[in-house]
Amino acid sequence: MPRATSRPRRRPTRALFANANFRWLLGGGFLSMLGDQFTLLALPWLVLQLSSDPLVLGTVLALASLPRAVFILVGGAIVDRYSSQTVLQLSKWANALLLGALAAMVASGTVSLQAVYAISLLIGLATAFSYPAGSSILPQALPPALLQPANGLLMALRQLSALLGPVTAGLLIAGQASGLDTSEAPGRSGLAWAFALDALSFVLSSWTLSRVRLLPRTAPLADAQSVLQAVAEALRWCWRDVELRSLCLYFAAVSFFVAGPLQVALPVLAKNQLPEGAAGLGLLLTVHGVGSLIGMAIAGLRPSWRLSTLGGTVLLIDTVAALVFMPFGHIHASWQGAALLLPLGVLGGLVQVAVFSWMQQRVPPAMLGRAMSVFMFIFMGVAPLAAALAGAALRVLAVADLFTAAGVCLLLIVLLGLWLTPIRRIAYLVPAVPRAGA
């Protein structure tokens, strides 16, 4: 493995934790991530209390995700026109007000499905701005050499919050439901507390964000340029960059032919083939999440642990994933799936941090919000569509056949990327070593 810097003995994590901006981002980010998990669990539970119709639950979840997919490119343009810090703070305050209002309605017993629909729609709209703002603030707050360790640790914390948050929220809701709550809706007090704590996390993380001091910024978008023109400019720029275009198209194909279908196939496999059923699905998702956490932590703490090129790493890891998916549909025990998903999660966590950090260094600062929104749109827009098509396909295909097809498709995508694109030559970007405390 090549050395990451000209002075390999210095650990980037030392300079990272000596950086005041990172410490504020780390603390506020973890609070916000943990709070998000409370709402992710409490919102579906609230809907199921208000209506037992699964279609209603699906509609609420769609309203929370659709505006994000539709407006995320616009959000990226707004971030580039103004400031990632300002846009992120405003989105946090918007979420705090929305969740605070929802908590108050739940606590007072005045909540309705119409109110839940409206709040879900507005939260989805706010995330269309917070996602590109959050992904573009790191390059404006930290030296380039600290981006990969920072991304690794922040993404690892996100995975950790995804593991701890639902358990904590579940205990809160269940504890309130088994206490002195005598309302007609059991657990109403716990749901109100879950939404209120998430609202508080947004307030606190907005305050920590205000303590961040951004590095000098290049010229923002010209005021004469419309938002749609700015989005079109970003799409043209991404298309002209051959390596970036190849990587975006590659991940779009992976998202459509592999990631989307597997979102549906894994729960179906757990229901039909695993004796533990839902508990088996939870175990598989947890094990994969733990693997991703390990991989992201390694990428953050040991950024020099890498293969010769970034593109070669992506292709190799996806080859391994393809070979895992082909037989995955034939497992009949949870431990078999866990044994396959744990190393896959580690490899996926490693490459996710590396690709994200590469893009943050590759893209000019004035284009960063829009470029990152294009990259995120690939996953938020393509994967749900593919999941819907996979659900229809499972009416005529066995789940094992879908897993095999996904593995074969991934292997073909890797081969096409190897032969027809410059992906394998995409190199890691090696910035200068930061001074301690920079």
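Trainee: Are Tyr250 and Phe251 buried or exposed?

Mentor: This is a predicted model, in which local features need pLDDT of at least 70 and side-chain atom pairs count only at pLDDT 80 or more, while totals for chains, interfaces and linings use all residues. Residues are numbered from 1 along each chain as its sequence is written, and side-chain values use heavy atoms, with hydrogens and water left out. With a 1.4 Å probe and protein chains only, buried means under 20% relative accessible area, exposed over 50%, and partly exposed in between. By this rule Tyr250 and Phe251 are both buried.

Trainee: What type of pair do the rings of Tyr250 and Phe251 form?

Mentor: Rings of Phe, Tyr and Trp (its six-membered ring) pair if their centres lie within 6.5 Å, with planes under 30 degrees apart called stacked, over 60 edge-to-face and the rest tilted. By this rule there are six aromatic pairs. The ring centres of Tyr250 and Phe251 are 5.5 Å apart and their planes stand at 80°, so the pair is edge-to-face.

Trainee: What is the relative accessible area of Phe257?

Mentor: Phe257 forms an aromatic pair with Phe256, again edge-to-face, with 5.0 Å from centre to centre and 85° between the planes. Phe256 has a relative accessibility of 27%, so Phe256 counts as partly exposed. Phe257 is partly exposed too, since its relative accessible area is 41%.

Trainee: Which residues does Leu310 touch, not counting residues up to four places away in sequence?

Mentor: Contact here means heavy atoms within 4.5 Å. With residues up to four places away set aside, Leu310 touches Ala354, Val355, Trp358, Ile426, Ala427 and Tyr428.

Trainee: How many residues are in the second, separate core?

Mentor: Apart from the core that contains Leu310, there is a second, separate core, whose members include Phe38, Ala42, Ala103 and Phe195. Its number of residues is 27.

Trainee: How many residues apart are Asp80 and Arg370?

Mentor: A salt bridge is a side-chain nitrogen of Lys or Arg within 4 Å of a carboxyl oxygen of Asp or Glu, and the count comes to four. One of them joins Asp80 and Arg370, whose closest N and O atoms are 2.6 Å apart. The pair links distant parts of the chain, as Asp80 lies in helix 3 (residues 54-81) and Arg370 in helix 13 (residues 368-393), at a separation in residues of 290.

Trainee: Which residue in helix 9 is linked with Arg362?

Mentor: Arg362 meets Asp241 in a salt bridge of 2.9 Å, N to O. Asp241 lies in the loop between helix 8 (227-240) and helix 9 and Arg362 in helix 12 (residues 334-362), so this pair ties together parts that are 121 residues apart in sequence. Arg362 also forms a salt bridge of 3.1 Å, N to O, with Glu243. That pair again links distant parts of the chain, 119 residues apart, and the partner in helix 9 is Glu243.

Trainee: Which residue has the backbone oxygen that the side chain of Gln85 reaches?

Mentor: Gln85 sits in helix 4 (residues 84-108), and its relative accessibility is 14%, so Gln85 counts as buried. Leaving aside neighbours within four places in sequence, Gln85 is in contact with Ile137, Leu209, Ser210, Val212 and Leu214. At 2.8 Å, its side chain reaches the backbone oxygen of Leu209.

Trainee: What percentage of the residues of the chain count as buried?

Mentor: The chain has 14 helices and zero strands. Among its contacts with a separation of 6 or more, 86% are between residues 24 or more positions apart. Of its 438 residues, the share that counts as buried is 49%.

Technical notes:
A nonpolar core is a set of buried Ala, Val, Leu, Ile, Met, Phe, Trp, Tyr and Cys residues joined through side-chain atoms within 4.5 Å. Helices (H or I, at least four residues) and strands (E, at least two) are DSSP runs, numbered from the N terminus. A polar contact is a pair of N or O atoms within 3.5 Å; within protein, one must be able to donate a hydrogen and the other to accept it, and residues adjacent in sequence count only if both atoms are side-chain atoms.
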